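Have a look at the sequence and the structure, then read on.

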Amino acid sequence: MQYVRRLDSLGMDDLDQVGGKNASLGEMLSHLTQVGVRVPGGFATTAEAFREFLTQDDLGDRIQACLDGLDVDDVRALAACGAQVRGLIMQTSLPAALDREIREAWRTMAGEQGDGFSVAVRSSATAEDLPDASFAGQQETYLNVCGIEAVIDRVHAVFASLYTDRAIAYRVHQGFADERVCLSAGIQRMVRSDVGASGVMFTLDTESGFENAVFITAAYGLGETVVQGAVNPDEYYVYKPALRANKRAVLRKELGSKAQRMVYGDDGGVHTEDLPEELRRTFALSDEEIEALARQALTIEEHYGRPMDIEWVRDGVDGEIYIVQARPETVKSREGRVIERYRISDSRVPCIRVEGRSIGQRIGAGRARVIGSVTEMDRVKEGDVLVTDMTDPDWEPIMKRAAAIVTNRGGRTCHAAIIARELGIPAVVGCKDATDRIAEDEEITVSCAEGDTGYVYAELLDFEVDRINLESMPPAPMQLMLNVANPDRAFDFAAIPNHGVGLARIEFIINRMIGVHPKALLNYLSRSPALREQIDRRICGYEDPVTYYVERLAQGIATIAAAFDPQPVIVRLSDFKSNEYANLLGGPEYEPDEENPMLGFRGASRYLSKEFSDCFELECRALKIVREEMGLANIKAMVPFVRTVEEGEGVVRLMAGQGLRRGDAGLEIIMMCELPANALLADRFLDHFDGFSIGSNDLTQLTLGLDRDSGLVADLFDERNDAVKALLSMAIEACNRRGKYIGICGQGPSDHPDLALWLVEQGIQSLSLNPDTVVETWLELAKHAQERSAPL
C-alpha cells in the first residue's frame, strides 16, 4: 500500500511519513512489546496520502492563498481564515486510492479484532512530538469511532484539523512553515478505559525537572478529561531507584476530586457524566498498578534515551494497562544550568483570593480578565491575567499574551498547565471557583513560587527574581546543607547546590499533609460523630485512620529523602509544643493548657510519656517504612529538646524497641543540641548519640533567658552573644574530639554571614541553611577560604 501503513510496521525512522505520534506508536509496537509495554495496534495514513489530497482541485494552492498575509495575533482574522480553510478541505473528496486503501486496512483489522471493537482516529503531524516542540492538542482526536464509513469521515476531519485556529497560530509561533507540515491520521484500537481509568505520566517531575521520579496523573474514564483539564485527577510520584531495586517505590499520593468521567455513547462517540461519590473518594489506581505503570514508563524512557510524556489507559474489562501515546518531554528537559528563584518581597500581608495547583514556579501579576468562553478571548490584552473555567487548544492564540493563567478546573498535566510551561508563565489550575471570586479588571498577583499550592493574591505585590548559574559555583570549603520543611519544595530545592538536608521537620509534614492529632486517629471510634465526619473526609483512599497517619507521614519523609538521595537527610522527630498540637483537628481534647509551652510538654519528654508514647510509635513506623521498605537509608533520625542524659538514653532505647536501632543498616541517631545542659554535658550525651545538630534559636533563648517573640526584649536576641558562642564552642570541640557529627541547623548562619565564618573557624562540620541563603553563604565562605589560602 502507498497511502496506508500498519502501526507495527513503523518506527522513528518513519517520522517524515507518519508524524511523531504514529511513528512513536510504531516504534513501541516494534521494539517494546516484547519487554512488557502494551500498545493497541492499528494503521496510519501517510504524508504522501496527505500531499496527494492537497493536489485535488488545487486544494493546496487555495489554502496557501488564504493563509498569505494572515496576522495570527488578530484572533478574529485568524478565526475567519481557519474556518474558510477547513471548509475547503471538507468540501474536497479524499483521493479514490486513499479511500480504497483505508477500507482494505480496516477489513484486515476487523478480521484480527472480531466484532464490536471501536477505534480512536488521531492526528499525527510530521512536525509534532519533536524534542523541541510538542504540538500538544493542536489537531483533533475522535474517540469510539465505529464502522468504516465513520472512520473515513473522521480521517477527513482530522486532515481539516491541521488548520484549526490554534494549529495555524502555533506553527507560526514555533517557526514551522505550513507547506512543510503534513498530516497522518492514526487509526488505533480503543481500550475500554471508559469503564477503567486513564491519565498522563512524565518520566521526570514537570515542575522542578527532578529526573529520579515518575509523575503520574489518573482519573476514571477516558483520558480526554485529564488532558483537557476538565477534572482534577489523582497524582502519584514514583521513585525510580526504588523501582529498579524492587523496593516499595510510591513516594506520594494525592487524591483528586475527579468530579466527572468521559464514557462511550450508545451509538458511538463519547459524553461526560458525573462520577459517583464513592469513586471520587477512592484512588483510581492501586499501588501495584502505579508501580506497574512506572515500570513501563522507565522502559520507554530508557529506549528513547530522554525524558518522556506518556498517555496511558487501564482497560476496565481485561484489567491491563496500555500505552496510547509517548512523546519527548519538551520543557524541563531543555532548560539549562541556570536556576531562577521567584519570591514575594512585598511588606504587605497578602490577601488570598483563591488557591489551586501551582504550575511553573514563577510569579506573574496584572489585571484579571475573566473569560467565560473562547468567543470572548479577544478581550485578553498583553500582560493581563487570564481567568477562566478551563482552556483547550482553541485558546492558545491568546495565551501567550497573558502574564499568568488561572483556571477553575484541571490538574498538573492539563492543557493550561502544559501551555503555561511552554510559554514560561505561571498558572494556578483547579481553583474550583476562581471565576466567581476574582473580579473582572481586578489587579492580582499569581504566585507559583511557594510549593505545590499556587496562590492568587489581591493587588499587585512586589516580587524579586534571583538567577543562579550553577556552572560558575566554586567548590565549597565545607558541607553546606539545607533546612527543608515542605515536601512540596523538596525536588525544587534539590537543584540548589547542597550536601544534603541538615533539618527536615516532621511537624511541618504532620501539619500540612495530615492535619489531625495522632491521638484522635488512634482513638477514632470513641470520638464524636462530628469529629469522625471531619476525619473521614481527610482519610479518603486509606484503609483506616492510623494507616492514613503513618502512610502520609512516610510519604512526606520519603519525598524529601528521595529528592536528596544519596546525600544525608537528617529528619527531626516531631517537636510540636502543646499549643501547636492543640491546633490540629481533635487536638484540644488531648493537650494541656500550658503557660509557657516552649519550656513544657515537648521533645524527648513527650515521647517517653505514657500520654504520647503510642503516637511516637507511629512516627517510628513511618521512618522504618521509608528506610527499610523504600530503601532510603540516607535518612538519619534526630531527637529534639533532650533535657537530661537519662531522657536521651530512654528515647534511644524506645526507638530500638520500635526497630530503629543505632547502627542497624547504618542508622545514625543525632541529638539536637539546643539547651545549655546539652553543651555543658556534651560528652555524656554523646555516649548515646552519633552527633549533635545545634539548634541556635532555642539555645540562644535559653542561654540569655529571653523570649524572642516578645517585642520588649527581642532586640537582645543574638546568636553571636559571647555566652552563646562559648556553649557552641564546647559542643563543637566535644564532637570533633569524639569523632562524631557536628552541624548547626538554626537560623543564625542564615542571618549572619560573620557567624557562619566563626563557626567554620571553630571546626563545625556542616552548616544547614535556609534555601534562599545557601548560594550567598556558599560564595562568601568560598571567597574567605580562597583569601586565607592565598600566599602573602
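How many disulfides does the structure hold? The count is 0, where a disulfide is a pair of cysteine sulfur atoms within 2.5 Å. Take C414: its sulfur sits 11 Å from the closest cysteine sulfur, the one in C431, and that's too far for a bond. Buried here means under 20% relative accessible area, exposed means over 50%, and partly exposed is in between (1.4 Å probe, protein chains only).

A quick word on what you're looking at: this is a predicted model, in which local features need pLDDT of at least 70 and side-chain atom pairs count only at pLDDT 80 or more, while totals for chains, interfaces and linings use all residues. Residues are numbered from 1 along each chain as its sequence is written, and side-chain values use heavy atoms, with hydrogens and water left out.

Now for the inside. The largest nonpolar core has 154 residues; such a core is a set of buried Ala, Val, Leu, Ile, Met, Phe, Trp, Tyr and Cys residues joined through side-chain atoms within 4.5 Å. The members that touch the most others are I216, I557, V639, M655, F692, I694 and L767. Helix α19 (residues 545-564) is the top contributor, giving 13 residues to this core. Helices (H or I, at least four residues) and strands (E, at least two) are DSSP runs, numbered from the N terminus. There's also a second, separate core of 46 residues, with Y3, I102, V119 and C182 among them.

What does I216 touch, not counting residues up to four places away in sequence? Its partners include V200, M201, Y236, L285 and W312, along with D234 and E235. Contact means heavy atoms within 4.5 Å.

A few loops are worth a stop. S193 lies in the loop between β5 (183-189) and β6 (197-202), and it's buried at 1% relative accessibility. Beyond its neighbours within four places in sequence, S193 is in contact with S198, G221, L222, V313, R314 and D315. G269, in the loop between β10 (260-264) and β11 (270-274), is partly exposed, with a relative accessible area of 26%. With neighbours within four places in sequence set aside, G269 is in contact with L143, N144, V263 and Y264. T164 belongs to the loop between α6 (148-160) and α7 (165-174), and counts as buried at 5% relative accessibility. The C-alpha atoms of T164 and D690 are separated by 65 Å, and the two residues are 526 apart along the chain.

On to the charged pairs. A search of the whole structure turns up 70 salt bridges, each being a side-chain nitrogen of Lys or Arg within 4 Å of a carboxyl oxygen of Asp or Glu. Here are three of them.

| Salt bridge | N to O distance |
|---|---|
| R252 and D488 | 2.6 Å |
| D452 and R412 | 3.8 Å |
| D683 and R737 | 3.0 Å |

Where do these partners sit? R252 is in strand β9 (residues 250-254) and D488 is in the loop between β23 (479-484) and α15 (490-493), so their bridge ties together parts that are 236 residues apart in sequence. R252 is buried at 6% relative accessibility, and D488 is buried at 13%. D452 and R412 are both buried as well. D683, by contrast, is partly exposed at 28% relative accessibility, and so is R737, at 48%. Salt bridges also link R367, R369, E376, R379, D384, E440, D441 and E443 in a network.

Finally, the surface. L680, L681 and M730 form a nonpolar patch there, with about 250 Å² of accessible area together. Patches are made of residues with over 30% relative accessible area and no salt bridge, with like charges joined within 9 Å and nonpolar side chains (Val, Leu, Ile, Met, Phe, Trp, Tyr) within 5 Å. The areas come from the Shrake-Rupley method with a 1.4 Å probe, and for residues, only the protein chains shown count as cover. L680 itself lies in helix α24 (residues 676-680) and is exposed, at 53% relative accessibility.
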